[in-house]
Amino acid sequence: MELWDGYNADMTLAGVDIVRGDERIGKYPKGLYHLVADVIVRHTDGTFLVMQRDFNKVGFPGEWEIGAGGSVLKGETAYEGAVRELREETGVIADNLISLGTVSVMYDSGVGVHYFVYLCTTDMDKSAVRLQQGETIDYKWVTDKEIMCGSYIPERCAALIKKLCDKEYIVTERLLLRPLALTDIEKVHLYASDRNITRYMMNLPNDTFEESQKFIEDAVVEWQKTSPDFYEFAVGLDGTQIGGVCLYLTDDKKQGELGWILAPAYHGKGYAAEAAKAMIELAQKLGLEAVFARCDSRNKPSEKLMQRLGMKLSDSIGTRFYEKRGETAAELKYELKLK
């Protein structure tokens, strides 16, 4: 007998066990949800793994679907369930899964599901996929164009995978970079109003919630342009927004300025460097000639980060003015040539 934890709509545990199969015989607890993990498997060559369901499966027998997935067992986290389902259904051992987001659905039948969608990037031997008896009977690797044109994607995951295929989402080793959204306001204001971590940042801290909201609204509008003048990304770790990273283009769009900010709990772990490297790669894809970054001369962590990124000191005699504090300070400028 397989058991699932019952969850409320806000993803808190309800303290109720759900028996697998109860959803098919009308015994599913009213108003409750259970967790399902979906794992998208993308090879480093850009192709996606799709699996054919066993013809004896109750739902969608014989159908092809992207990646692996299934219900999370009682006592498991969504991440643990994702790792297990991936291993069982494909044989792929995941060192790290990137959270792409969550989707909650309350079906007409009264069955609620919180879907947790993950991405597994692998360089595995593409012929080494292992099938699970009773679950999968075949597999193949398909391109991103085939993914979006075919019927491989469950509707619940379609929007997330489209963003991935359209390169709107940037995935690094540990992080998911996605366009900043209005739903990020609480997290953004938390670190943007922190006077300690914004000590050496221009135009910060944000003294009011409205300042942070205006910043996000401007970023959202910019993302809607065909050719944005700047790119503001939310930095995500394990489904949590931990900071922001950006690339601002110069007027001639030949260079780009890098910027980053992380919540205090995530300092010193290499996340800022990882996100900034992704911005450098974005600048290369945009055809920019160089990227640069500036910092207060007293901001040694930022200066060291620029150096780790391979940037070279190009100006050490500049100044910056902190309007909110009426303070002038020495400024350093570092640059990295891309062409």
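Student: What span should helix α1 have at 1.5 Å a residue, and what do its end C-alpha atoms give?

Tutor: This is a predicted model, so everything here is computed from it. Helix α1 covers residues 78-90, and its 13 residues should span 18 Å at 1.5 Å a residue. The end C-alpha atoms are 18 Å apart, which agrees.

Student: Which residues of α1 are buried?

Tutor: Ala78, Gly81, Ala82, Arg84, Glu85, Leu86, Glu89 and Thr90.

Student: And what covers them?

Tutor: The cover includes strands β3 (33-43), β4 (48-53), β6 (68-71), β8 (112-122) and β9 (136-142).

Student: What follows α1?

Tutor: Glycine 91, with a positive phi near 80°.

Student: Switching to the sheet with β13 in it: what's the strand order?

Tutor: The order is β10-β11-β12-β13-β14-β15-β17-β16. That's an open sheet of eight strands with mixed pairing.

Student: Which strands stand at the edges?

Tutor: β10 (170-171) and β16 (312-322). Each has a single partner strand, so one side of each is left without a neighbour in the sheet.

Student: OK, how does β16 join β17?

Tutor: Through eight bridges, with the two strands running antiparallel. Aspartate 315 stands opposite lysine 333 in β17. The hairpin has four residues between the strands, and glycine 326 takes a positive phi near 65° there.

Student: How many bridges join β13 to β14?

Tutor: Seven, and that pair is antiparallel. Leucine 249 is placed opposite glycine 256 in β14.

Student: Which helix lies across β13 and β14?

Tutor: α4, residues 185-192, running at about 75° to β13. Helix α5 (residues 209-223) packs on the sheet too, touching β11 (176-179), β12 and β13. The direction of α5 makes about 110° with that of β12.

Student: Now the largest nonpolar core: how many residues, and which have the most contacts inside it?

Tutor: It has 36 residues, and those with the most contacts inside it are Leu177, Leu247, Leu258, Trp260, Met279, Val291 and Met311.

Student: Which element gives the largest share?

Tutor: α6, with ten residues.

Student: What is leucine 258 in contact with, beyond its neighbours within four places in sequence?

Tutor: Cys246, Leu247, Met279, Ile280, Val291, Phe292, Ala293 and Met311.

Student: What about another core apart from that one?

Tutor: There's one of 22 residues, among them Leu35, Met51, Val92 and Trp141.

How values were computed:
Residues numbered from 1 in each chain as written. Predicted model: local features only at pLDDT ≥ 70, side-chain atom pairs only at ≥ 80, totals over all residues. Heavy atoms only, no water. Core = buried A, V, L, I, M, F, W, Y, C linked by side-chain atoms within 4.5 Å. Buried < 20%, exposed > 50% of the residue type's maximum accessible area, 1.4 Å probe, protein only. Contact = heavy atoms within 4.5 Å. Pairing = 2+ DSSP bridges. Axes fitted to C-alpha atoms, helices over the stretch in contact; angles between N-to-C directions. Expected span 1.5 Å × (residues − 1).
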